[in-house]
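Trainee: Hi! Could you walk me through this one while I have it open?
Mentor: Happy to, let's look at it together.

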Amino acid sequence: MDKTERKKAIEDILTRGVRDFVDPDGSFRKKLEEHPEKVVIKFGVDPTRPDIHLGHAIVLRKLRQFQELGSKVIFLVGDFTAQIGDPTGKSKIRPEVTYEEIKKNMKTYLEQVKLILREDKEVFAWINNLDWFISITDLVFSPDRKINIEGADGQRITVPSNTFVGKAAEYDLLQRQKIYSRNILNITMRTFFSTLRHVTHSRLIARDMFQKRIDSGEELYMHEMLYPVLQGIDSYVLANIFGSCDLEVGGTDQHFNMLMGREVMKINGLVPQAVLSFELLEGLDGKEKMSKSLDNYIGITDDPGDMYGKIMSLPDTLIGRYFELCTFTPMDEVQGIKESIKGGAKNPKELKMDLARQIVEIYHGKEKAGKAEKNFVDIFQKGKAPEEMEEISVKNGESLAGALVRSRILPSKTEWRRLVASGAITNLGTGEKITDPEFKPKGGEKLKIGKHRFVKIKL
RNA sequence: GCGUCGGUGGCAGAGUGGUCAAUUGCAACUGACUGUAAAUCAGUCGCCCCUUGGGCUACGUAGGUUCGAAUCCUACCCGGCGCACCA
């Protein structure tokens, strides 16, 4: 990549899908253009949401672009801060998450990230903020955890972690670790408070979400107010470990928190990070932002058919936006697409199919994307039976409804009766609707349930 | 700690002794129309047996009063608000 090409790539990175870019003196951009391989980028990961969807992918794909330039991407797992509970975007206080859950979630997270990011050590690293925030007195002793110790007679024995002996052993273990790692960086109360000395109340409550709560007379808890400071300290620690923390990226909902990172770094005499915050992607409903809890998301590990179908069910109004945020289509073309939709020059369906194929291709490859498209056309436009469908076996003496409920295709037999009564069940073999709830299958029938559920029956 | 208001189905939010499996809105599901878009119209929306019918389980938790409780009483748990205590 030569210098002009690189400059063009950087321009794209810093503008496409970007809501805010904070780099007041332009020093970050300069460093990125001249020595991209020296740039260290922080990305805070929420360990409570193991499913990565297209909304997260916007940021991840951005990070990939940075990696291609040689910049270093550091995943900062907020395993400590997740337990505190980030108030972002919530009008209520978030439930706390246990350490065990977090550990499990991170494993799934990593598996999915592989689809987008490079994981070679040259450009990628992980770090957990639990390492510097937790101290020995915060230990939780799980009854499920067993610890191996030396018993009275010199034999090795195993005890649960929450017993007296277990606790003592855990503590001992931790102390030994501490002694062996003298160079560990600890955030102590002193660090914390010396930072807080420079953070004012008005600065913290400036956050518009807090303002709203104050106005409506709702509660505002201290841990929520201090959350951004903790996140700022993360940046400070990162810079200490890796020499610098040049940029933090995240959704625009993280903007305030990321700016706090700049403050904390300045307070502690470091060069403040630049901040790059991205647009939030709307979900399948076209209104709310994509999130797991609203169940309006497209997961990057969704199977090709599902992914294709979900994209096809998007409201037309989002086509342009998805092209911009979720594909590699050059921006001038995206602009053209947006205009052709507005002017009615092109059938939105065609554009959406194109969109769906492109996105599926990114996560599943060309071949599967083509197949997904063909399947879609066959099944939903031509009304054919899909090639692969779930097969359920009806046991001896069991009703069809019973089998469907057992295999969790339907929630209850009553639901089956309702569906039959409303004409939602079609026998694809004969093309006829099933109207008798006591329908006895002969075996081999292919049924369509509602719009997009298909089952094959085996006796 | 004291006072006070409240905890109802995925969410919001009615109901305040029988006619309540619980009004309504949102969400969801199904049908028609379509492009698995939007809009619209119609229907469904605890579970089981199913017959117009019957049974079971549910209104924070546990008991109680009553022929009968989401609705009344008692205790407990959780939340909002106010006051006080302690600094």
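Trainee: How are H14 and H16 oriented to each other, roughly parallel or roughly perpendicular?
Mentor: This is a predicted model, and in it the axes of helix H14 (residues 319–326) and H16 cross at roughly 25°. Angles under 35 degrees count as roughly parallel, so H14 and H16 are roughly parallel to each other. Their axes come within 10 Å, and the crossing is left-handed.

Trainee: Which residues in H14 and H16 meet there?
Mentor: From H14 you have Ile319, Tyr322, Phe323 and Cys326, and they meet Pro348, Leu351, Lys352, Leu355 and Ile359 of H16. By class, this contact has 8 nonpolar, no polar and 1 charged residues.

Trainee: Switching to the RNA: how many residues surround RNA strand B?
Mentor: There are 28 residues around RNA strand B, and the closest are Gly309, Thr414, Ser422, Ala424 and Gly450.

Trainee: In which sense do E7 and E8 pair?
Mentor: In the parallel sense, over 5 bridges. For instance, glycine 251 has phenylalanine 278 in E8 as its bridge partner.

Methods. Residues are numbered from 1 along each chain as its sequence is written. Chains are lettered from A and ligands numbered from 1 in the order in which they are written. This is a predicted model: local features need pLDDT of at least 70, side-chain atom pairs count only at pLDDT 80 or more; totals for chains, interfaces and linings use all residues. A residue is near a molecule or strand if its C-beta atom, placed from the backbone, lies within 6 Å of it. Two strands pair if DSSP finds at least two bridges between them. Helices (H or I, at least four residues) and strands (E, at least two) are DSSP runs, numbered from the N terminus. Axes are lines fitted to C-alpha atoms, for helices over the stretch in contact, and angles run from 0 to 180 degrees between N-to-C directions. Angles under 35 degrees count as roughly parallel, over 145 as roughly antiparallel, 65 to 115 as roughly perpendicular and the rest as oblique. A crossing is left-handed if the near helix is turned anticlockwise from the far one by less than a right angle, and right-handed if clockwise. Two residues are in contact if their C-beta atoms, placed from the backbone, lie within 7 Å. Ala, Val, Leu, Ile, Met, Phe, Trp, Tyr, Cys and Pro count as nonpolar, Asp, Glu, Lys and Arg as charged, and the others, Gly among them, as polar.
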